[in-house]
Amino acid sequence: MVSPLDRKLLRDLASLKGQVLTIAIVVALGVAIYLSFGSAKLSLVQGTEEFYRSQRFADAFATLERAPESLRTAIERLPGVAVVETRVNAPVLCPMPGMIEPAVGSAHSLPDFTDAALNAPFVVEGRLPEPGRDDEVLVNDAFAQSHRLHAGDRLEAIVNGTRRTLRIVGLGTSPEYLIAMSTELSSMGNERFVVLWMRRAALAPVARMQGGFNDVSLRLQRDAPPEPTIAALDRLLAPFGGRGARARSQHMSHRMLQQEMQQLDGTSTVLPAMFLGVAAFLVNVVLGRLVRLQRGQLAMLKAVGYSDRRIALHYVQMVIVIVTIGVVGGALMGREMARWFIGLYREFFRIPNLGVRLDGSLLAQGAALSFGSGVIGAIAAVRGVSKLAPAQAMQPEPPAKYGDSALDRAVSIGLLSPSARMVARELVRRPLRLLLSSLGIAMAVAILVAGRSMFDALPTLERVIFHEMMREQLAVRLTRPVSPTDLSVLRTIPGVLGMEVQRSVPVRLRAGSRTRETSLVGHPAGAQLRRVLDERGREVRMVRGAVLLTRMLGQMLDVRVGDSIRVEVLEGDRAVRTLTVGGFSDESFGLQGHLLLDDLWSLLGQSPSVDMALLVTDPSRNEAIIRRIVAMPGVAGVASASAALARFRQQSGRSMGASGLLLVLAAAAIAAGVVYNNARVALATRERDLATLRVLGMGRGDVSRILLGEMTVQVLLGLAPGYAIGTWMAKAAMAMTDPEMYRLPLTLEPFTYVYATVVTLVAALLSALIVRRRVDSLDLVGVLKTRE
Amino acid sequence: MNRSAEGAPVLRAEGLWKVYGEGDAEVRALRGVDLALYAGEFVVLLGASGSGKSTLLNILGGLDTPTAGRLTYLDHDLTDASDDQLTRYRREHVGFVFQFYNLIPSLTARENVALVTELSDDPLDPDDALALVGLGPRAEHFPSELSGGEQQRVAIARAVAKRPDMLLCDEPTGALDCATGRLVLTVLDRVNRELGTTTAIITHNAPIATMAHRVVTMADGAITQDLRNERRASPESLRW
């Protein structure tokens, strides 16, 4: 049997359906974001952990020039080492049909007769190459998918300079390549990055590594700290051209994943808090109005013997119904959003079996937060009335008091019309509501500003990378350094108009007790194609005998201009020299040092050598030029700046489209929730005033302006704080990125603020128009006949 | 008496019907009412609750439209007027006074009056209008700071400030005690005399009828009596 009070509850809810819906949507979005971001993170964490475990992801990694396999025993004896896996790696180039530039990447050896002890590839399709079959390869699935390659297909590849026709026997992925992306921006994109796994007996001859290895991974003993082992490994590998070992935490793929999770953490806290805060406020506004309108009914309930507690419960139940609708909607929406996120992650992070893991406890937390914030809003609204004695509550509410505050009087000053004064006094009368409403609007604006800030960085980034730093048309990377004269053959290719060269060397920089493995890039004097720029985009000149450091690297080493820095070369004769810090550069990606080629050569103590050629070409002949270059021995990769730019734009455009839409929806829901509910409440509580004005001869438009004037002020007041909060959020999000990997400039374009403003205003306007329709249909006679 | 009952009426209602609902729930609030209001007249519409007098007043004032019949204001036909036309009619020609004053609580007495003078081409000064109802000194007060009688006088000032052709009052003393009610009626009488505004008051309070030029009695949605007072009582003398 449904109690009369419950019937009242249902009917009240039915009559408030527009407001119930808008509040429920805001709650739903909060819950959905909390649940989906949390679940996405959980899926990533668990999926990654399982994947790392099943594929035996190593704890430490090192590459070297070449060591005999016998060194393995010595590595096994290092302190803290549990498992050692040596491999042969070789650079790979794959000219692909339909692509101007070849794909670049690496080939890794698999043990001949056993599974890989560490970093084992996971076979997604097909099988591993069989021992004794020289031409069989497993290909990374991201690359294969983007070229529609499958087991059974053939693949033309240039492995370590030798052209081979390989047979794909399977597609796979590995914990080393959760993000199948090369470290070079110019070869970004799944279709450009290839990883091949071959049996060692097949790869070693091509890589000229028979009886030796050039890559080693370690599994450390449980609880062993990585640092001592890594230091010992470095010492052991130094004579063999060791390039500095790194712990898992420094592994590129792992690091990017960690960063993604950190960002998810931040977002899944801040955004739901904003939504639930707004929801609590709306519940308070709507319920407060309902309670005021139902004053007489409340008095009657009290008079016939309902307790305050029962009456309060009645209104709390109303909140529970609203929030439940929101939570259920949010759970469904959150599940879909989590699926969608995971879908995106599957494209980005190659983690097999990355399932959607909805966390029940997250939903419970989200629901508890929502109910908590809703009930707080409800109790605040009900408290005032339940304090009244029944007889007092039965009396109609006395006319709203004005004139008590100096503000009411102050509003009289000036040239405001009576209608404008009505608006002004109503606003001044409820400063807290004005504040919270404007804050709600500010949240909507902030979400849009912060959300778009990542897109604002893109054009700047594009300009810096493609128009200031990389001004060549083609970049040719070599598998090993050659003399500059050997490279001059590139100049003879028809269509090549100019060339500059570079040489990069892995080094360990040491300043006092601080060290850092990185690379030094040697530039020719007066280099024009790749310049070193400061934060204002001005070229930083290179001086003889001095090294320019990425500013971040300088901070990490705690050095200033003029300080000395020790450079330990991690290849060849492993020379150790001292250089002077000549200045700092502000590139957006990576950490490195720059110096003149002559200085680099004298540092190496070798005859001049280069490993990169930057070409200025006739763009219409790029395709033919690339074909010629790919056919040359010793080429590790060719990248076209214009193709890289196109890919960059395509990828950023895709992510902008989807997340841009989400942002607009989220912000619109908040703005609409605030404006619609405030307008409805204002209309309900002031229906009589507005009807009177209509009777006195004001048109519908005049009356609507008075009602919506309040909303307009609330919205306009929310804009500026919204800009500030949004900017702050953008800064906070930027601070969460890994500064060692990239440092994006926080450039908020004026358009972003305009955009946030327009979206918010449109959402507000549409909600206001819905309420305006009600103003138009005010029942003049009915309203006037009744006493307040 | 300074007006002629024989002249053309300001407002004429002919055969007005107002029917609410349908079938069993049908309510005939007005059943063929004919009424003419003449310039400068002070008319009291007398009737019990439910007699249809408020419905009639609302239709005369352009707040409602009749189901059947004809309503003309001077030479304007208001029978099928649009919402905008009715708004303009109310704005330019009609002043309303309600039982519950209907002042805007967030505006002072003067501002409540100014609300109307803003809409008008040739209004009284709000202060003059307040002086007319004897509230000059209270112009800066908000409704919550005024007594019921004072609030009603502000409402009258607001109604007359735009110099309407007609003043329509729905139970203007209904919420007031006798002494305060007399004060309000005195003000209405004064407005009628000094400004020559055609005034119609509806009330269920028979003694008030003695101050009118004409008393129209309604029952059950129809006019049952339309009498002219030979001698008008002064509002100060009324007792109820």
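Which residues of helix H17 (residues 597-604) of chain A are buried? I looked that up first. Leu597(A), Asp599(A), Leu600(A), Leu603(A) and Leu604(A) are buried. Buried means 20 or more other C-beta atoms within 10 Å of a residue's own, exposed means 12 or fewer, and partly exposed lies in between, with C-beta atoms placed from the backbone. Helices (H or I, at least four residues) and strands (E, at least two) are DSSP runs, numbered from the N terminus.

Ground rules for my notes. This is a predicted model, in which local features need pLDDT of at least 70 and side-chain atom pairs count only at pLDDT 80 or more, while totals for chains, interfaces and linings use all residues. Residues are numbered from 1 along each chain as its sequence is written, and chains are lettered from A and ligands numbered from 1 in the order in which they are written.

**H17(A), continued.** An α-helix has 3.6 residues a turn, so residues three or four places apart point the same way. I then checked the cover. It includes strands E13 (496-511), E14 (514-523), E16 (564-569), E17 (576-585) and E18 (592-596) of chain A. Just after H17(A), I found Gly605(A) with a positive phi of about 65°.

**Chain A overall.** I noted 22 helices and 20 strands. The C-alpha atoms fill a box of roughly 100 × 60 × 50 Å along the principal axes. Of the 788 residues, 46% are buried. Among contacts between residues at least 6 apart in sequence, 84% join residues at least 24 apart. A contact here means C-beta atoms, placed from the backbone, within 7 Å.

**Cores.** A nonpolar core is a set of buried Ala, Val, Leu, Ile, Met, Phe, Trp, Tyr and Cys residues joined through C-beta atoms within 7 Å. The largest has 262 residues, and those touching the most other members include Val26(A), Ala671(A) and Leu45(B). Helix H19 (residues 641-695) of chain A gives the most to this core, with 22 residues. I looked up Ala671(A) itself. Not counting residues up to four places away in sequence, Ala671(A) touches Ile441(A), Ala444(A), Thr760(A), Ala763(A) and Ala764(A).

**Helix pair.** I took H2 (residues 17-54) and H9 (residues 308-348) of chain A. They pack at an angle of about 35°, with their axes 6 Å apart. Axes are lines fitted to C-alpha atoms, for helices over the stretch in contact, and angles run from 0 to 180 degrees between N-to-C directions.

**Chain B against chain A.** I found 24 residues of chain B in contact with 24 residues of chain A. On the chain B side, helices H2 (83-93) and H3 (109-117) are the elements that give two or more residues. H3(B) has the largest share, four residues.

**Single residues.** Glu623(A) is in helix H18 (residues 622-630) of chain A. Glu623(A) is partly exposed, with 13 other C-beta atoms within 10 Å. Asp558(A) has phi near 55°, positive in a residue other than glycine. Asp558(A) lies in the loop between helix H16 (551-557) and E16 of chain A. Asp558(A) counts as exposed, with 11 C-beta neighbours inside 10 Å.

Definitions and conventions: Two residues are in contact if their C-beta atoms, placed from the backbone, lie within 7 Å.
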